[in-house]
Amino acid sequence: MTPIQALQKYFGYSEFRHQQGAIIQHVLDKKDVLALMPTGGGKSLCYQLPAVLLDGLTIVISPLIALMKDQVDSLNVNGIPAAFLNSAQNPDEQQRLMGKLRNNEIKLLYLAPERLFGSENKLVEFLKSLPVVQIAIDEAHCISHWGHDFRPEYLMLAGLKDYFPNIPVIALTATADKLTQKDILEKLNLKNPAIFISSFNRENINYTVAPKKNSFNQLLDFLEERKEESGIIYCLSRKSTEALAADLKEEGYSAEAYHAGLNNAIKARNQEAFLRDDVKIIVATIAFGMGINKSNVRYVVHMDLPKNIEGYYQETGRAGRDGLPSDAILYYSPGDAMKLKGFAKVEDNEEQSRIMLKKLDDMVNYCQLQTCRRHFLLKYFDEESDATCGSCDVCLTEFERFDGTLIAQKALSAVYRLKERFGSNYVIDFLRGSKSEKIREEHKQLKTYGVGADISKPDWQRYLRELSAMGYLQVDGGEYPVLKLTHQSEAVLKGLQKVEFIAAETVEEKHTTVEAL
Ligand code: ADP
Ligand code: ZN
């Protein structure tokens with residue numbers, strides 16, 4: 001049977017999506033693969049189809065028991081013998097399963113990493129004795145500290161290749177930046193892996209960031225026209241999910257809370273009710289959502305600032321899996337950013353703190369964009385796209401612009417004169433000709449000193465931010481971020497490239513200025 005025939009026979013689909021076909025071919029050729037595909041893109045099929053075609057057992061590592069059960073049920077419905085192993089099963093059930101495995105009656109076996117390598121590797125030793133043909137690692141970003149959902153038990157998978165040196169491993173995730181990708185490959189010890197990255201663009205999701213003022217009223221306005229629709233509302237704290245769910249109920253909405261602190265029965269009940277459309281709104285912490293396959297989520301709201309773009313993009317990606325227009329809206333306040341900045345410091349781990357702060361910085365930049373949000377998001381994941389999408393709030397807003405080439409030249413030449421060694425506050429004080437002792441004497445002698453005295457500090461902050469959003473400046477992160485030039489800066493300095501800024505009046509309505517973070 002060819003892959004495409006199997007696709008039709010077992011899954012009832014007529015063609016592959018994204019790079020499914022190529023990924024599957026690689027696995028069939030016994031090659032290691034890392035596949036990045038957006039949520040809802042169809043990752044499972046990439047290992048389920050080879051599992052059907054190959055003669056032997058496919059082991060699937062997955063972090064969530066709830067998820068395994070759903071997958072196994074739907075495989076069995078399609079006539080594919082699959083099973084999962086978890087701690088809730090009694091010894092009898094486990095023995096029966098072992099028997100089936102020995103008789104090659106199972107095609108796919110789902111389990112959590114700690115099962116595989118727990119009790120002194122008993123299970124992995126047993127599985128090694130079987131004809132294993134493929135190992136799939138779902139949610140592979142969980143193995144990396146740099147991923148946004150690190151799970152220590154995933155580190156156990158570092159030993160996989162020792163047990164199964166010649167078995168193709170397929171690692172799958174919907175969320176991994178460059179650093180996380182590299183980490184996954186290294187930790188899993190993949191051999192000459194082929195990396196497949198599908199487009200992450202979710203055309204049907206419209207992105208909006210609104211300044212957070214009275215967020216509950218803002219939310220009610222937003223929900224007013226969406227009374228019959230399903231949505232997920234993310235909050236930072238467990239307490240606020242419960243409070244908000246209660247407030248929404250009082251307003252007549254059908255809403256329930258979900259967070260890791262609720263007992264399992266309540267969590268399961270609320271999740272089920274949401275999946276069945278008995279409850280329209282789930283108010284949750286980020287504990288909610290992984291593996292939730294609900295197609296008609298019409299909106300995802302973030303009441304608080306997410307910690308990084310990866311998490312944010314995955315959460316918003318839960319909207320509109322059915323392809324119909326959906327909304328992602330985030331209420332942003334600079335205060336939230338300050339709060340999270342405090343949390344981002346990891347004790348005794350300078351490098352991790354630095355990375356987390358950089359990621360938070362990117363999240364803040366996203367909120368303060370005056371350029372297309374979709375373009376920024378895709379660029380974050382190294383994907384080229386049009387400069388404007390026509391459907392995010394920035395693209396839909398008519399900004400009045402003015403020629404700011406001279407302003408840009410002043411800023412860039414200040415950064416250059418200061419040898420790219422100072423942060424935005426120093427650069428601004430320097431530009432404004434501050435008499436402060438903080439400005440070094442030798443800098444006061446430079447020609448650029450004071451050339452920007454006619455522009456206020458908050459305006460300079462905004463211009464510097466816009467310049468980095470446009471790619472003319474970059475912030476080299478860390479605890480003491482410094483401003484640096486980019487390969488695009490030179491054209492501006494030489495007068496070859498015009499720069500336009502958004503007129504201040506139009507900005508005030510949409511964005512709040514902040515002390516540069
Ligand atoms: P992911 O794990 O990437 O979030 P899933 O594997 O759950 O996504 O797939 C999302 C949905 O897309 C599922 O309902 C799946 O059956 C469907 N799907 C997967 N591949 C195809 C395809 N080639 N054609 C049509 N539908 C597909
Ligand atoms: Zn846009």
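Which polar side-chain atom lies 2.9 Å from a nitrogen atom of ligand 1? Select glutamine 20 and ligand 1 together: the atom belongs to the side chain of glutamine 20.

Before moving on, a word on the model. This is a predicted model, in which local features need pLDDT of at least 70 and side-chain atom pairs count only at pLDDT 80 or more, while totals for chains, interfaces and linings use all residues. Residues are numbered from 1 along each chain as its sequence is written, chains are lettered from A and ligands numbered from 1 in the order in which they are written, and side-chain values use heavy atoms, with hydrogens and water left out.

**Stop one: ligand 1**

Next, show the backbone of glutamate 15: one of its polar atoms sits 2.8 Å from a nitrogen atom of ligand 1. Taken alone, ligand 1 exposes 580 Å², and the protein buries 75% of that (Shrake-Rupley method, 1.4 Å probe).

Now select the whole surroundings, 14 residues, with Tyr13, Glu15, Gly40, Lys43 and Ser44 the closest (a heavy atom within 4 Å of the ligand).

**Stop two: two helices**

Select residues 309–316 for helix α12 and residues 350–367 for helix α14; their axes come within 9 Å and cross at roughly 55°.

Finally, show the side chains at the contact (heavy atoms within 4.5 Å): Ile309, Glu310 and Tyr312 from α12, with Lys359, Asp362, Met363 and Tyr366 from α14.

Note on methods: Polar contact = N/O pair within 3.5 Å; in protein donor to acceptor, adjacent residues only side chain to side chain. Axes fitted to C-alpha atoms, helices over the stretch in contact; angles between N-to-C directions. Helix = DSSP H or I, 4+ residues; strand = E, 2+ residues; numbered from the N terminus.
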